[in-house]
Amino acid sequence: QVQLVESGGGLVQPGGSLRLSCAASGSIFSISVMDWYRQAPGKERELVASITSSNKTNYPDSLKGRFTISRHNAKNTVYLQMNSLEPADTAVYYCHAVLRIDWSTREYSFWGQGTQVTVSS
């Protein structure tokens with residue numbers, strides 16, 4: 001089985017920074033894409049950032065410049081550096097990965113349990 005475990009969430013003041021981490025473990029052959037999503041109360045889950053195995057990144061235009069995604073392939077870990085945080089960034093942040101568990105080409109989608117980020121003074 002595969003597990004994604006997030007860490008690094010918490011309470012931060014407006015203008016502050018946080019770094020989230022997500023470590024994937026278990027029967028992993030390769031990971032193609034790792035993403036961060038977030039879901040605020042009463043809102044749909046939305047993509048925050050994604051990164052491929054070749055380190056190609058993608059961000060929604062609204063978050064470009066404040067958030068940076070990176071990954072350590074050997075550790076199966078993805079990071080999200082969040083700067084200049086605003087109250088609107090308050091949400092549960094979820095790690096997501098698309099990966100292969102063996103030599104076949106079939107890919108599977110896995111989610112972490114989420115970590116709360118609260119931006120408030």
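C22 and C95 form a disulfide (a pair of cysteine sulfur atoms within 2.5 Å), with their sulfur atoms 2.1 Å apart. The pair links distant parts of the chain, 73 residues apart: C22 sits in strand β3 (residues 18-26) and C95 in strand β9 (residues 91-100). A search of the whole structure finds one disulfide. This is a predicted model: local features need pLDDT of at least 70, side-chain atom pairs count only at pLDDT 80 or more, and totals for chains, interfaces and linings use all residues. Residues are numbered from 1 along each chain as its sequence is written, and side-chain values use heavy atoms, with hydrogens and water left out.

**The disulfide in detail**

- The link of C22 and C95 is left-handed, with -80° about the S-S bond.
- Both cysteines, C22 and C95, are buried. Buried means under 20% relative accessible area, exposed means over 50%, and partly exposed lies in between (1.4 Å probe, protein chains only).

**Fold and overall shape**

- The protein chain has eleven strands and zero helices. Both are DSSP runs, numbered from the N terminus: helices are H or I with at least four residues, strands are E with at least two.
- From the N terminus on, the elements run β-β-β-β-β-β-β-β-β-β-β.
- The radius of gyration of the protein chain is 14 Å, which agrees with the value near 14 Å for a compact globule of 121 residues. This radius is taken over C-alpha atoms, and the globule rule is 2.2 Å times the number of residues to the power 0.38.
- Along the principal axes, the C-alpha atoms fill a box of roughly 50 × 25 × 25 Å.

**Packing, surface and charge**

- Of the 121 residues, 40% count as buried.
- Contact means heavy atoms within 4.5 Å. Among contacts with a separation of 6 or more, 55% come from residues 24 or more positions apart.
- The protein chain exposes about 6,500 Å², and carbon and sulfur atoms supply 48% of that area. Accessible areas come from the Shrake-Rupley method with a 1.4 Å probe; for residues, only the protein chains shown count as cover.
- There are 11 positive and 9 negative side chains, and the centres of the two sets lie 5 Å apart. Lys and Arg count as positive, Asp and Glu as negative; His and the chain ends are not counted. The place of a charge is NZ of Lys, CZ of Arg, CG of Asp or CD of Glu.

**Two asparagines with positive phi**

- Most residues other than glycine have a negative phi.
- N55 is not a glycine, yet has a positive phi of about 70°. N55 lies in the loop between β5 (46-52) and β6 (57-58). With a relative accessible area of 45%, N55 is partly exposed.
- N76, also not a glycine, has a positive phi of about 50°. The loop between β7 (67-72) and β8 (77-82) holds N76. N76 counts as partly exposed, at 23% relative accessibility.

- P41 is in the loop between β4 (30-39) and β5. At 74% relative accessibility, P41 counts as exposed. The C-alpha atoms of P41 and V92 are separated by 8.6 Å, although the two residues are 51 apart along the chain.
- H72 belongs to strand β7. H72 counts as partly exposed, at 32% relative accessibility.
- Leaving aside neighbours within four places in sequence, H72 is in contact with T77 and Y79.
- C-alpha to C-alpha, H72 and S53 are 9.3 Å apart in space, and they are 19 residues apart in sequence.
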